[in-house]
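Work through the exercises below with the model open. Each task is followed by its solution.

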Amino acid sequence: MAEKNEDKQVMMEKIVSLCKRRGFIFPACEIYGGFANAYSFGPYGVELKNNIKKLWWKKFVHSREDIVGIDGPILLHPKLWEASGHVAGFKDAMVDCKKCKKRFRADHIVEDATGEDMEGRLEDMTITLREKKIKCPNCGASDWTEARNFNMMFQTQMNGIEDAVYLRPETAGAIFVDFKNVTDSMRVKIPFGIAQIGKAFRNEIVAGNFIFRLREFEQMEIEYFIEPDADWEPLFEKWLELQEEFTREIGLRKEDVSRYEHPKEKLSHYSKKTIDTMFKFPFGVKELYGLAHRGEFDLTQHSKMSGQKLEYYDAENNKRYTPHVLEPTFGVERSVLAALISAYHEEEVKGEVRVVLKFPKAIAPIHIAILPLSKKDELSVPALEIFNNLKSKFICEYDETQSIGKRYRRQDEIGTPYCVTVDFETLNDQAVTVRDRDTMAQERIKISELENYFKEKLG
Ligand code: ATP
């Protein structure tokens, strides 16, 4: 067991190191000594992340007649967060170790030590921490402050506004406040959804596990509005299946994905059901995506707070009502991390270890690498011509440095599905060698047929 955990830790370390070495993800502000749990996406990381977002938008917005997209602001009216309950209730329990001064999630420390879930019960957490002499995971002491609540919204100030303004802790709020604009301007007919991709900010007490828990991250969310008396359970199940389908499209293995249903007694009073899509990360089975039935809570709250009617008019049956909502939510960085973990392979080839990221083609940062065998003009000129022809249709990279073996290794490590090698034979047969990332098989293809060849392979 211990060995297995070690293996998993080693695997995470390998992924973190590959991400930095190969330009996927860098620790933020390294030249200033780093900045706690913040990361930059490098040249390949941003391609991977954008491809995941594009795939999501295509699947849930462009391919559906019942979902439209919006892009709302990060800084929203302060009343919105009062109405949604975030000002009063978006908090986690924290506790400090008096000896080493490190801060922890109190409920997590208690649950790890006792197996008991005490979420929301501050006093019980303090008593348990002290009576059971639970040890600080950092220094081993057992000297705790009281557990207390901490609101996770980032506050800021805005010129001309007296109230505190918050950086949005989720993207959903921006969707609800535009419900009326969307129903007034678009021909949406219930059931319909409004989708959005954007940044969210949470002042997490403990961030970590690489890009799993960040303070600044992106969400892809849909509010799917349904009739209040609709038969919602089949729709809920359908959304769960779509979330699982998306995990497969970004390359996650079926056996690593599972469901976790929140117990009824822990649901918010307005929620009928919440199920998380879980992924087997090397540091445990954790939430990847969420799906919640939120009833009419959000629209009703915003209607009360704003004094505006937020209803749907059903013209066919001449009736007005406040729709209920199903909320499928997806984390972008957690998708990126799960995709990296699933794609990571080590294989033995001729006594050496080959590291290869076997991304699905749709999300690979680079589709095709064009590699002339030598830097000399006689090869680099035709190779650049191939690059210039293919680059408008596919994401391509041109690389003429180092030996061909090293270049293949590099492309395997960034998950490029195809390498095109231009060699001296090309000058005679007007053909190139196409190498497949997964099988390493090489095929000779005429330059004039390359575009069609890749259209078929890459779609
Ligand atoms: P957790 O229990 O892990 O804190 P949550 O239940 O608070 O997550 P939601 O509020 O349901 O998360 O947020 C929707 C999605 O946003 C999550 O499923 C996850 O993919 C992503 N997400 C939430 N918090 C973070 C974070 N701090 N860093 C990165 N992604 C996050």
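**Exercise 1. State the domain layout of the protein chain.**

Solution. The assignment, automatic or from a database, gives domain 1 (8-77 + 170-200 + 218-341), domain 2 (91-151) and domain 3 (366-458). Residues are numbered from 1 along each chain as its sequence is written. The model is predicted: local features need pLDDT of at least 70, side-chain atom pairs count only at pLDDT 80 or more, totals for chains, interfaces and linings use all residues, and side-chain values use heavy atoms, with hydrogens and water left out.

**Exercise 2. Describe the interface of domain 1 and domain 3.**

Solution. Start with the centres: over C-alpha atoms, they lie 37 Å apart. Next, contacts (heavy atoms within 4.5 Å): 7 residues of domain 1 meet 6 residues of domain 3. Then buried area, the accessible area (1.4 Å probe) lost on putting two parts together, summed over both. The two domains bury about 680 Å², with 50% of it on carbon and sulfur atoms. On the domain 1 side, R22, Y44 and E47 lose the most area, together 70% of what that side buries.

**Exercise 3. Find the salt bridges, then the elements behind the domain 1 side.**

Solution. A salt bridge puts a side-chain nitrogen of Lys or Arg within 4 Å of a carboxyl oxygen of Asp or Glu. Domain 1 and domain 3 share 2 salt bridges. R21 and E413 form a salt bridge, with their closest N and O atoms 2.9 Å apart. Now the helices (DSSP runs of H or I, at least four residues, numbered from the N terminus). On the side of domain 1 that touches domain 3, α1 (2-21) and α2 (43-62) each supply at least two residues. The largest share, 3 residues, comes from α2.
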